[in-house]
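Dear colleague,

I am passing on to you the structure below, together with its sequence.

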Amino acid sequence: GRVERRCRLERAATPISPDSPIGARCALIRRNTSNRLLNMESVDLVIEARWVVPIVPRAAVLEDHAVVVHEGRILALLPRELAHARYAPAERVVLATHALTPGLVNLHTHAAMALFRGIGDDLPLMQWLQQRIWPLEKALVSPDFVYDGTRIAALEMLRSGSTCCSDMYFYPEAAVRALRGV
């Protein structure tokens, strides 16, 4: 409590003599903290959330839990306090008032068509395709068009919670390059 605050202040202001009772206590606190960190596993990221909604078990909502991520993979899902005790993350994200859910999967996209958004959207489907979209695709679609449109769509999907998609459009290599770059 009070001694720990003094120790933190001591580092920011005038040093406390190590011979003083407070200085000795600060040294002990630093040594214990260092020993505790030595026994912790280093990971890239710990995300703490008020609620975590896992895929398994079905219909569960876990309160005050953490998701541990290392090298792009979920390593653990456990109570927040256990995560604090076991892991030393390079980054910690605290979502005190949020629910953390699995990413959504968009199973039908023509991602590059984000660049056509709003064009003739008041028309019936066949009229929209025949009079607006197909002529524009013939004139404009290229690997660069697909890359740029897919990149925009991927950023929008991520922003709204979709972490995977099944895209079907022209120049799939350009779409893959855009998706991997996001």
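Of the 182 residues in the chain, 26% count as buried. Please bear in mind that this is a predicted model. The chain contains six helices and six strands, and along the sequence these follow the pattern α-α-β-β-β-α-β-β-α-α-β-α. Among the contacts with a separation of 6 or more, 62% are between residues 24 or more positions apart.

The sheet

Four strands make up an open sheet in the order S3-S2-S1-S4, and the pairing is mixed. Strand S3 (73-79) and strand S4 (87-100) are at the edges; each has a single partner strand, so one side of each is left without a neighbour in the sheet. From one strand to the next, the twist averages 20 degrees.

Strand S1, residues 41-52, and strand S2, residues 62-70, run antiparallel and are joined by seven bridges. One of the residue pairs can be located by name: Val52 has Leu62 in S2 as its bridge partner. On the pairing of S2 with S3, the sense is again antiparallel, and six bridges connect the two strands. Here Val67 stands opposite Leu77, which belongs to S3. S2 and S3 form a hairpin with two residues between them. In that turn, Glu71 has a positive phi of about 50 degrees.

Salt bridges

How many salt bridges does the count come to? The count comes to five.

The side chains of Asp64 and Arg50 meet in a salt bridge with an N to O distance of 3.8 Å. This pair links distant parts of the chain, since Asp64 is in strand S2 and Arg50 is in strand S1, 14 residues apart. Asp64 has a relative accessibility of 30% and therefore counts as partly exposed. Arg50 is likewise partly exposed, at 27% relative accessibility. Both residues also belong to a network of salt bridges that links Arg50, Glu63 and Asp64.

Another salt bridge is formed by Arg80 and Glu81, whose closest N and O atoms are 2.8 Å apart. Are these two residues buried or exposed? Arg80 is partly exposed, with a relative accessible area of 26%, whereas Glu81 is exposed, with a relative accessible area of 54%.

A further salt bridge joins Glu156 to Arg117, and the closest N and O atoms of this pair are 2.8 Å apart. The two residues lie in distant parts of the chain, 39 residues apart: Glu156 is in helix H5, and Arg117 is in the loop between strand S5 (104-109) and helix H4 (125-140). Glu156 is partly exposed, its relative accessible area being 35%. Arg117 has a relative accessibility of 54% and so counts as exposed.

The helix pair H5 and H6

Two packed helices are described by the angle between their axes and by the distance between the axes. For helix H5 (residues 143-159) and helix H6 (residues 172-181), the axes come within 8 Å and cross at roughly 35 degrees. The crossing in which H5 passes H6 is right-handed.

Which residues make the contact between the two helices? On the H5 side they are Pro143, Val146, Tyr147, Thr150, Arg151 and Ala154. On the H6 side they are Ala174, Ala175, Arg177, Ala178, Leu179 and Gly181. Sorted by class, the contact of H5 with H6 has eight nonpolar, two polar and two charged residues.

Ser162 in strand S6

Finally, I would draw your attention to Ser162, which is found in strand S6 (residues 162-167). Why does Ser162 count as buried? Its relative accessibility is 13%, and buried means under 20%, so Ser162 falls in that class. Apart from its neighbours within four places in sequence, Ser162 is in contact with Leu104, Asn106 and Met157.

With kind regards

Methods
Residues are numbered from 1 along each chain as its sequence is written. This is a predicted model: local features need pLDDT of at least 70, side-chain atom pairs count only at pLDDT 80 or more; totals for chains, interfaces and linings use all residues. Side-chain values use heavy atoms; hydrogens and water are left out. Two strands pair if DSSP finds at least two bridges between them. Axes are lines fitted to C-alpha atoms, for helices over the stretch in contact, and angles run from 0 to 180 degrees between N-to-C directions. A crossing is left-handed if the near helix is turned anticlockwise from the far one by less than a right angle, and right-handed if clockwise. Contact means heavy atoms within 4.5 Å. Ala, Val, Leu, Ile, Met, Phe, Trp, Tyr, Cys and Pro count as nonpolar, Asp, Glu, Lys and Arg as charged, and the others, Gly among them, as polar. A salt bridge is a side-chain nitrogen of Lys or Arg within 4 Å of a carboxyl oxygen of Asp or Glu. Buried means under 20% relative accessible area, exposed over 50%, partly exposed in between (1.4 Å probe, protein chains only).
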